[in-house]
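Open the model in your viewer and keep the selection tool at hand.

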Amino acid sequence: MMKKIISVMAAAALVTVMLSGCTDAAPAASAPAAPAEAAADDAAPAGEAASGTSYKIAVVPKMTNIAWFQRMEEGVNQYNEETGSDIFYGGSAEGADQASYVESLLAEDWDAICVVPFDSEAMMPIFEKARAQGIKVITHEAASMDSSVRDYDIEAFKNADYGANFMEELGALTGGKGKYIQFVGSLTSVSHMEWCDAAQKLQEEKFPDMECIGRFETADDTTSSYDQTKELLTANPDIVAIEGSASTDIVGAAQAVEEMGLAGKVSIVGTSMTSIAGQYVEDGTIASFSVWDPAEAGKAMIGLAIAALDGTVEDGMSLGASGYESITDVDGVFYGNARVDVTKDNMANYDF
Amino acid sequence: MKEKNKYAFLTSTQMILVYVIIAFSLVVGFRQPAFFSPATIITICRTGIFTMCFALCEMVVILSGGIDVSFPAIGCVAMYVPMYIVNRVYKIDSAFFAFAVAIIIGLLFGLLNGFLVSVLELPPLIATLATSSVASGGVVTLLGTREFTNLPSSLQAIYNTNLITYTAPDSGFTYPLNVLILVPVVAALLVSWVLRKTMLGRGLYAIGGDKNAARVAGFNVRKLQFIAYVFSGVFTGIAAMIYNILMHSATTSALMGDEMITIAACVIGGVRITGGHGTVLGTFLGVLLITLVQNNLNMLGIPTSWQRFVVGIVILLGTILTSWQAKRSMNAGRA
């Protein structure tokens, strides 16, 4: 029995050495070992990550009970399978107790923790504690967080670029004319607000014939965006476009628009996921929605953590994840170019 | 004497709620003429379906001297499990099956609540909090969490069945009212009848007012408490399946947090939080007021950042009104 274990371990070690050696010797371009991953078939460099790491790294999502972070878990699992690593993934179900979850993790001797903070304020003392223990702290979706408490932050894209894209789409869909509304999960959600600000700014410059009626809070609740869409359309029958931010926003809006017989007359854009918005893309009420793949974001966090531990973090480097092939450094926050526009045609690749 | 009765009627909690509702509607209508349209009635009915169903559950439990904060969790389990089975285990395309599973789940948790409160005599708040944790924690652990957004065609058929569809003449917008609105309507009439006309109903009031007096009077307190929680569980199951059908969404967290607004609707409607007092009509008015306020703040032009504050103020004022009324009726009784 013992012998067997030892031989398996030896084999694993050998494979690890071989793989890492392979990557060292062969630059990114000649690494065709890209595994059969539907989402990344046009992104060969993803295979570059195929060097198992012996670092002890934990990935902690905002919460585990939503499909978004289950997709991130899939990404982490996939990374582990492809590279033979053993990255840990886990978090609190609801998110509110994320700080205490991470604090309890600190009892173990991690090399790095990758966290998507639920509440930045609550996480700050925990991150300080982690760094005092010599643990590298990588964050995601936390660009605005005080950078002194973490090592690096990786974002899928610059929020301004992402938000402006929605207005480009709306401009094209509406011909640059008419009233529109914006939904945000919460007026305190920095990313949602930045997307909407950028969209509005672009609209004022590029589509002066469009008019923003207002920005409304939905608390990430489908029912809320559904009810408010009906209310706002009733009060302002000349609304021609809706921009959503939380993934549930455009789902509720689309249902309301369909029920009111306005499918095709009111354009809807926003961030969402195939699992909840797919049916409306299928029937055309939503032309397309944008998203970034949390599976790739998870891999990117791991890639950045390894680079941080190796001391090789630099502007323009690749994190071995689709959309993160060349990351941009802006004061310690790294940005990928990982926006994905999901339409009827490519929906199957982003099945989360 | 007659004059006095008339005065008492005109200043009853329910009538005051009616005045407030009328006044609020006038204000909204003044700001936004689009409010005065049959569309508004349909929208309010459609939105109020869930709140009304849950408020009925909560009301019955509060009347009996208890409180139920577990219905959101029970409801989530009751809609999630059947949808999980349909999507992941075996494709059973049957509305009957979906509702049956939801009802059985509601029943089981209702029995658990009843057992904790009436047999173990735990404080209802603690007991139902525990049930809530068990329900939502259990389902997440055992079945994980996904969001199921595709209805099997039998449920989709219910979604497509509308009682009436109003088409606004000037805009051409359609406002369908789903047939499921009948569920809270029928349930409200039924509960109202049971509470007023049957021994069971009188018993619920009696144990809510004074458990010991009720026992002495010959009511089976345990049995009545059981019935209250089981009713709440079962009807929560039904209401949750309705939510799933109307919103195309079954998740393990969709209803979480709804208990506060539901309890508030009951209390505003004159259901005394200590038990023994309250009517279906009052609860209906409470639900109507809260739904009306929640759904028309945009029409009223209140900035979104102020809306939660305004809803809070409405709840606060409503609660003050009812507690003031309760005090007044007690003083009147003494005099």
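Which element gives the largest share of the lining of the largest cavity? Select α3(B): 4 residues of the lining come from there, the largest share.

First, the ground rules. This is a predicted model, where local features need pLDDT of at least 70, side-chain atom pairs count only at pLDDT 80 or more, and totals for chains, interfaces and linings use all residues. Residues are numbered from 1 along each chain as its sequence is written, chains are lettered from A in the order in which they are written, and side-chain values use heavy atoms, without hydrogens and water.

**Stop 1: the cavity**

The count is 1 cavity of 30 Å³ or more. A cavity is a set of points on a 1 Å grid over the protein atoms alone where a 1.4 Å probe fits but cannot get out; lining residues have an atom within 4 Å of a point. The largest cavity holds about 90 Å³.

Now select K230(A), E231(A) and T234(A), then F35(B), A39(B), T40(B), T43(B), I44(B), N295(B), N296(B) and M299(B). These residues line the largest cavity. Colour the lining by type: 4 nonpolar, 5 polar and 2 charged.

**Stop 2: the nonpolar patch**

Move to chain B and select L163(B), I164(B), L182(B), V185(B), V186(B) and L189(B). Together they form a nonpolar patch on the surface with about 530 Å² of accessible area. Here β1 (162-167) and α8 (182-197) of chain B each give two or more residues. α8(B) has the largest share, 4 residues.

Finish on I164(B), in strand β1 of chain B. I164(B) counts as partly exposed because its relative accessibility is 49%, between the limits of 20% and 50%.

How values were computed
On a 1 Å grid over the protein atoms alone, a cavity is a set of points where a 1.4 Å probe fits but cannot get out, and a pocket is an open set with protein on both sides within 12 Å along at least five of seven lines; lining residues have an atom within 4 Å of a point. Grid points are joined across faces, edges and corners, and a volume is the space filled by probe spheres set on the points. Ala, Val, Leu, Ile, Met, Phe, Trp, Tyr, Cys and Pro count as nonpolar, Asp, Glu, Lys and Arg as charged, and the others, Gly among them, as polar. Patches are made of residues with over 30% relative accessible area and no salt bridge: like charges are joined within 9 Å, nonpolar side chains (Val, Leu, Ile, Met, Phe, Trp, Tyr) within 5 Å. Accessible areas come from the Shrake-Rupley method with a 1.4 Å probe; for residues, only the protein chains shown count as cover. A salt bridge is a side-chain nitrogen of Lys or Arg within 4 Å of a carboxyl oxygen of Asp or Glu. Buried means under 20% relative accessible area, exposed over 50%, partly exposed in between (1.4 Å probe, protein chains only).
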